[in-house]
Amino acid sequence: MSSVISISKLAKHYQVPEREAGLIAAAKGLFKRTYKTVKAVDGISFNIQPGEVVGFLGPNGAGKTTTLKMLSGLLHPTSGELSVLGYEPAKRDHDYLRQITLVMGNRNQLSWDLPALDSFDLQRAIYSIPLDEFKHTRDEFIALLDLKDLVQKPVRNLSLGERMKMEIVGALLHKPKILFLDEPTLGLDVTMQKRIRSFVAEYNKRYGATVLLTSHYMADVEALCKRVIVIHHGRLLFDGDLSALVEKFSAFKTVGFTIDTPASDLSQYGDVVSVDGSRVTMRVPKEKTSAVTSRLLNELSVVDLTVESAPIEEVIESVFSVKRETLE
Amino acid sequence: MQGLKLAANYLRIGILNEFQYRANLYIQILQTFIALGTGLIGLNLVFNQVTELGGWTKPELLAVMGVFTITGGFIRSAIQPNMERLMEEIREGTLDYALTKPADAQLLVSVREFRLWQLVDVITGLVVLAVALTQLNWLVSIWSVLGYLSALVMGAIMVYSFWLIITSTAFWFVRVNEIANLFEGLYAAGRWPVDIYPNWLRYGLTFLVPVAFAVTIPASALTGRLSLQTWLGALALTLVLFTIARMIWLTGVKNYSGASA
């Protein structure tokens, strides 16, 4: 199958005015400005196949939003190739825009003072959706997200989570083939996150849509995305299965075991995280895991033993702590 | 016409929105009458001293005031709110949603807002105009009416283009609210026909801020002063201004990169 999104050596550099703090520096800036080039995205390449749900990860300022903005046609790339559904996004062809959607968790587009239903009508006009199809999709989404009692209330009276659900309905009424979701669950509680997540999964399943999602909540990524793309300092750090990411970047494994008789010195085996009665948890360097476990089994009377990968949050944290220089 | 449909939809939403704020209606009525009252007092003070002003008689000046009120109401109900929202969105980087829609972005940002209650001014202006025309014994030809209506439309397009040009500069300068306030001050000069001002100011008002075209020329048409030449000049200027506005807008959008990018 051919890719729906293909990006090759994509870069976006900004010229930003730079000055030191203080009044004198500010006054100087009136006459002569010095600029600094910020490489928000610095040569990334990847392809996404139709129907894929891809997690797009990276710390704040990694270049995720910039990439999403280039994909949705808001920003012109400084260099590199970018093709989505065969279109060049920056041209903002209406036929292209009709097939995509952009949801930003920190910005809303529904009319604040009106019931969401009225804003939905507006979306219908903007996307020229036939009335029957519109009603059908709208009611389907309303049912899926359990919004029936809320669509008639002014948006300002809704909770943050309810509002986000409405935003998502509004953004998907034209049944886009490609979804760019930038932190769709930002600031929501766990239950609400789950609802939104399962809705995105359901939409993906029903309509075979391709989803590129950024999120700070690893639960979102674990639940939705088989594949993740990690960028950092504008560079591509990893592209592959989530499990492979954990494999690649977790330096440690967590070994847990229960022992019959208290052992004198456990620290010779690894880094002891906790001892709870006879239950011991320790961190062991990944490459030493098998050696350590066989030693434990031989030298101590171990009742049961578990080896787990580090939690995904921890892995991501260690990925994000990679310094810029090491990427160059 | 997707554009008209879109505009109609936004108009509907705008009206629905306004019904939520009934108090605004009463405030608007109050404002309109204060403005009208001070305008009428000014007019009377002037005509206590003289019988005509720059070739305009009292009922003719009343007609100018009527047009001034009508056009002002229209600007404040349909043009200004859109441009103010656009300014804010450019500054805050929230224009993204408008730009990712499959519709002409300029059209979209120009029809999103509508202040229904400002139409009180339009109605009041029409009444004032009717009174003025009664005093003039309704001596208006069909040509005058056509000239008047076309001049109103051209004036509206020019004012819109002017606003869009000013607003689009926000793509480069980020904060332009003060420039926008300037418009209101200059527009107030349209209360009087521009011919009564000294030349330098007259041309300034006409070309920098199309006040003359928005107010004086429609009023001239009704009072039988509009020459074909002036009308054609207005038409040409309308087209030029609109084209310039469109070009600046397109360049601005190209330049736009979003505040949080």
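**Exercise 1. What pattern does chain B follow when read along the sequence?**

Solution. The model is predicted, and the assignment begins with its secondary structure. Chain B comes to twelve helices and zero strands. Read along the sequence, these give the pattern α-α-α-α-α-α-α-α-α-α-α-α.

**Exercise 2. Determine how the radius of gyration of chain B stands against that of a compact globule, and describe the extent and burial of the chain.**

Solution. Begin with the expectation: for 261 residues, a compact globule would have a radius of gyration near 18 Å, and because chain B has 19 Å, the two agree. Next, take the extent along the principal axes, where the C-alpha trace of chain B spans about 60 × 40 × 35 Å. Then turn to burial, for which 40% of the 261 residues of chain B count as buried. Finally, consider the contacts in chain B with a separation of 6 or more, of which 81% are accounted for by residues 24 or more positions apart.

**Exercise 3. Classify the packing of H6(A) against H7(A) by angle and by handedness.**

Solution. The axes of helix H6 (residues 160–172) of chain A and helix H7 (residues 190–207) of chain A come within 10 Å and cross at roughly 15 degrees. Since angles under 35 degrees count as roughly parallel, H6(A) is therefore roughly parallel to H7(A). The crossing in which H6(A) passes H7(A) is right-handed. From H6(A) the contact draws on Gly161(A), Met164(A), Lys165(A), Ile168(A) and Leu172(A), while H7(A) contributes Met192(A), Arg195(A), Ile196(A), Phe199(A) and Tyr203(A). Sorted by class, the contact of H6(A) with H7(A) has seven nonpolar, one polar and two charged residues.

**Exercise 4. Carry out the corresponding analysis for H3(B) and H11(B).**

Solution. The axes of helix H3 (residues 58–92) of chain B and helix H11 (residues 211–222) of chain B come within 9 Å and cross at roughly 135 degrees, which means that H3(B) is oblique to H11(B). H3(B) passes H11(B) in a right-handed crossing. Among the residues making the contact are Val67(B) and Phe68(B) of H3(B), together with Val215(B) and Leu222(B) of H11(B). By class, this contact of H3(B) with H11(B) has nine nonpolar, two polar and no charged residues.

**Exercise 5. Identify the element that gives the most to the side of chain A that touches chain B.**

Solution. The contact takes 24 residues from chain A and 21 residues from chain B. On the side of chain A, the elements giving two or more residues are helix H2 (64–71), helix H3 (94–97) and helix H4 (116–127) of chain A. H4(A) gives the most, with six residues. By class, this side of chain A has ten nonpolar, eight polar and six charged residues.

Note on methods: Residues are numbered from 1 along each chain as its sequence is written. Chains are lettered from A and ligands numbered from 1 in the order in which they are written. This is a predicted model: local features need pLDDT of at least 70, side-chain atom pairs count only at pLDDT 80 or more; totals for chains, interfaces and linings use all residues. Two residues are in contact if their C-beta atoms, placed from the backbone, lie within 7 Å. Helices (H or I, at least four residues) and strands (E, at least two) are DSSP runs, numbered from the N terminus. Ala, Val, Leu, Ile, Met, Phe, Trp, Tyr, Cys and Pro count as nonpolar, Asp, Glu, Lys and Arg as charged, and the others, Gly among them, as polar. The radius of gyration is taken over C-alpha atoms; the globule rule is 2.2 Å times the number of residues to the power 0.38. A residue is buried if 20 or more other C-beta atoms lie within 10 Å of its own, exposed if 12 or fewer, and partly exposed in between; C-beta atoms are placed from the backbone. Axes are lines fitted to C-alpha atoms, for helices over the stretch in contact, and angles run from 0 to 180 degrees between N-to-C directions. Angles under 35 degrees count as roughly parallel, over 145 as roughly antiparallel, 65 to 115 as roughly perpendicular and the rest as oblique. A crossing is left-handed if the near helix is turned anticlockwise from the far one by less than a right angle, and right-handed if clockwise.
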